[in-house]
Amino acid sequence: MITRTRLAAGACALLAALTAGVAFPAGAAAGEPTGDDAPKVNLVLDVSGSMRTRDIDGGTRMAAAKQAFNEVLDATPEEVRLGIRTLGADYPGDDRKTGCKDTAQLYPVGPLDRTEAKTAVATLAPTGWTPIGPALLEAADDLDGGDGSKRIVLISDGEDTCAPLDPCEVAREIAAKGIGLTIDTLGLVPNAKMRQQLSCIAEATGGTYTSVEHTDELTDKVNQLVDRAADPVVTPVATEGADACAKAPTLKSGLYTDREEFGRQRWYRVDVEPGQELRASVSVGADRAVNPSYGVLLRAVTVHGREIVRGEAAGNGRTDVLSAGLRYPKAESDEEDAPAETVCLQVTNSFSVAAGVKTTPGLPLELTVDVVDGPSDAGDVASFGLGRGWWLLGALILAGFLAGLLWGWLSRRRFAVWRTN
């Protein structure tokens, strides 16, 4: 019994020590925010006829949206360039072709004049169709240019009425452009079909979907998304990998986006100087329905095809994103002018789709490349990942050992007293 008690105490102490070691990693982020352009947000509001419905806090959906917009406009950070686009606001007729073109920029993306923007919102009245797909295409064009963060916030109370232009496919096309644009969607009193469509739009660009049934929920969420746009971000750089290392683009430290076809591979090149360490990670997203059981492989190989190191991950359908990473430290050289080594990075996936699901464009891929100074001694964070946490790890192990001895001695004494009694 004493032995088991000591082992339990020691195990707890060791677990606490390892947890503490992980909790204090040395920060080394790949990439910095690129450019000084102001963040841009385009609020896209559904003004179709169904927005007359009175089911949000006793008022119409349109009234809730107007109130939320007025409060959001008051709280928008000064550095954010904000615009407002409508869909279904102008054409009340039954001609589908005309109704599916009904989208307009109510307030241009730029420095915010709160009074002018509020006046424009006050003129809105529920009118026509729900051309979500066309509105997203136009909203993306409104945000064209600049290196700052770009975000579309779509607020709708129904699914798109302009098929076959699928808004989910539109979102995938926007993501495939690699312009770093995120689409967040909010569904007012949603049904199952609308929830599925708005979720797909958001997931295709790395955004979020939120169901809203109260005015204060709508205000809070839109405010949160506008504020998030003002946070410093790393803007991914669009690149295009090759089907062989010899034709691959050479990448420097940074964040990159690409598209990879199902079951295919992409190649990239990175130059690593002697004494440097290459750290790379890749994430592949399943932005459409895929079959369970899939994997992602990231390999570092020489230009002659010899594998240096690999990282791999497998999934079973419970997650939409799969990531893998690797690290390769290149040893120091005795030669003063030793050349850099070209490392080939190969990304392979084993995703597959059922019949009827489109395979184009390819799956969204995000690649992080970081070339840093390599480890110089055993205490370097690149070697063990603990950095200066070693002293804390040692102290906790010692404390756990002493605690185990004390607990064992107390348990033995109590047992002796019990036998005597």
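Helices, numbered from the N terminus, are DSSP runs of at least four residues, and α7 is one of the elements on this tour. The model you have open is a predicted one, so please read each stop as a description of that prediction.

**Stop 1: the largest pocket**

Start by selecting Thr182, Thr205, Gly206, Thr257 and Glu366. Of the 40 residues that line the largest pocket, these lie nearest its centre. The volume of this pocket is about 960 Å³.

Now colour the elements around it. Those giving two or more residues to the lining include the strands β6 (150-156), β7 (181-188) and β11 (254-260). The helices α6 (167-176), α7 (192-204) and α8 (215-230) belong to that list as well, together with β13 (276-285) and β18 (363-373). Which element gives the largest share of this lining? Select β11, which supplies four residues. If you colour the lining by class, you will find 16 nonpolar, 13 polar and eleven charged residues.

**Stop 2: the second largest pocket**

Next, select Cys168, Arg172, Gln196, Cys200 and Ala289. They are the closest to the centre of the second largest pocket, among the 23 residues that line it. Its volume is about 450 Å³.

Two elements give two or more residues to this lining, α6 and α7. The largest share, six residues, comes from α7. By class, the lining of the second largest pocket has seven nonpolar, six polar and ten charged residues.

**Stop 3: strands around β18**

To see where they face each other, pick glycine 254, which stands opposite valine 369 in β18.

**Stop 4: an open sheet of five strands**

Select β10, β12, β17, β14 and β15, in that order. Together they form an open sheet with mixed pairing. Which strands stand at the edges? They are β10 (250-251) and β15 (307-315); each has a single partner strand, so one side of each is left without a neighbour in the sheet.

Zoom in on the β10 end. β10 runs parallel to β12 (residues 265-272), and two bridges join the pair. One place to look is leucine 251, whose bridge partner in β12 is valine 270.

**Stop 5: two backbone details**

Most residues other than glycine have a negative phi, and most peptide bonds are trans. The next two selections show the other case for each.

First, click on valine 189, in the loop between β7 and α7. This residue is not a glycine, yet its phi is positive, at about 45°.

Then go to proline 361, in the loop between β17 (341-349) and β18. The peptide bond joining threonine 360 to proline 361 is cis, with omega about -5°.

**Stop 6**

Note on methods:
Residues are numbered from 1 along each chain as its sequence is written. This is a predicted model: local features need pLDDT of at least 70, side-chain atom pairs count only at pLDDT 80 or more; totals for chains, interfaces and linings use all residues. Side-chain values use heavy atoms; hydrogens and water are left out. Two strands pair if DSSP finds at least two bridges between them. On a 1 Å grid over the protein atoms alone, a cavity is a set of points where a 1.4 Å probe fits but cannot get out, and a pocket is an open set with protein on both sides within 12 Å along at least five of seven lines; lining residues have an atom within 4 Å of a point. Grid points are joined across faces, edges and corners, and a volume is the space filled by probe spheres set on the points. Ala, Val, Leu, Ile, Met, Phe, Trp, Tyr, Cys and Pro count as nonpolar, Asp, Glu, Lys and Arg as charged, and the others, Gly among them, as polar.
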